[in-house]
Amino acid sequence: FIFTSCAGPCPKLTKRMAEIQHRARNMGDAVRLVTFSVDPENDTPEVLAKYAKTYRANPRKWTFLTGPVGDVEALAIKGFKEATGRESLFAIGHSEHLFLIDPNGQIRGFYEATDEGVTALLHDMGILANVP
């Protein structure tokens, strides 16, 4: 979860996603990356496309999405359990968390956007990619 006008941790998180895209390049079609914007009013599809290009996101592997504020908030809080209480979407956008979701939509892992967290995510991603 990011927003493109963020000058704080969002660029760092997006760089981590770019690193994951690069390091997972040999995992084939089993891997898809998704980044959600928490600022749908400003992060239009055109803005997200430009942002994705800045980070060399391969559109066949990495998708940037947004939607109505209520839907994004519900996804972040109820779906990903990303916030407790009533935090703003911008606070969620500053969380620096990565998630591993299996093909059935189940959360399989929750990782910090650190060297150790990315390594653990890639390890677990490899295991899931090789499960029949």
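Which residues are buried in helix H2 (residues 45-54)? In this predicted model, they are Leu48, Tyr51 and Ala52. Seen down the axis of H2, these buried residues fall within an arc of 100 degrees, so they line one face of the helix. The face turned away from that buried side carries exposed residues: Glu46, Lys50, Lys53 and Thr54. Here buried means under 20% relative accessible area, and exposed means over 50%. Just after H2 comes arginine 56, with a positive phi of about 55 degrees.

Helix H1 spans residues 10-23 and has 14 residues. From first C-alpha to last, H1 reaches 20 Å. That is close to the 20 Å expected at 1.5 Å a residue. The buried residues of H1 are Cys10, Leu13, Thr14, Arg16, Met17, Ala18, Ile20 and Gln21.

Empty space was examined next. Rolling a probe the size of a water molecule over the atoms shows where empty space is left. The structure holds one cavity of 30 Å³ or more. About 40 Å³ of space lies in the largest cavity. Its lining consists of Gln21, Ala24, Arg25, Val31, Leu33 and Lys61. By type, the lining residues divide into three nonpolar, one polar and two charged.

Note on methods. Residues are numbered from 1 along each chain as its sequence is written. This is a predicted model: local features need pLDDT of at least 70, side-chain atom pairs count only at pLDDT 80 or more; totals for chains, interfaces and linings use all residues. Side-chain values use heavy atoms; hydrogens and water are left out. Helices (H or I, at least four residues) and strands (E, at least two) are DSSP runs, numbered from the N terminus. The expected span of a helix is 1.5 Å times one less than its number of residues. Buried means under 20% relative accessible area, exposed over 50%, partly exposed in between (1.4 Å probe, protein chains only). The arc is that of the directions from the helix axis to the C-beta atoms. On a 1 Å grid over the protein atoms alone, a cavity is a set of points where a 1.4 Å probe fits but cannot get out, and a pocket is an open set with protein on both sides within 12 Å along at least five of seven lines; lining residues have an atom within 4 Å of a point. Grid points are joined across faces, edges and corners, and a volume is the space filled by probe spheres set on the points. Ala, Val, Leu, Ile, Met, Phe, Trp, Tyr, Cys and Pro count as nonpolar, Asp, Glu, Lys and Arg as charged, and the others, Gly among them, as polar.
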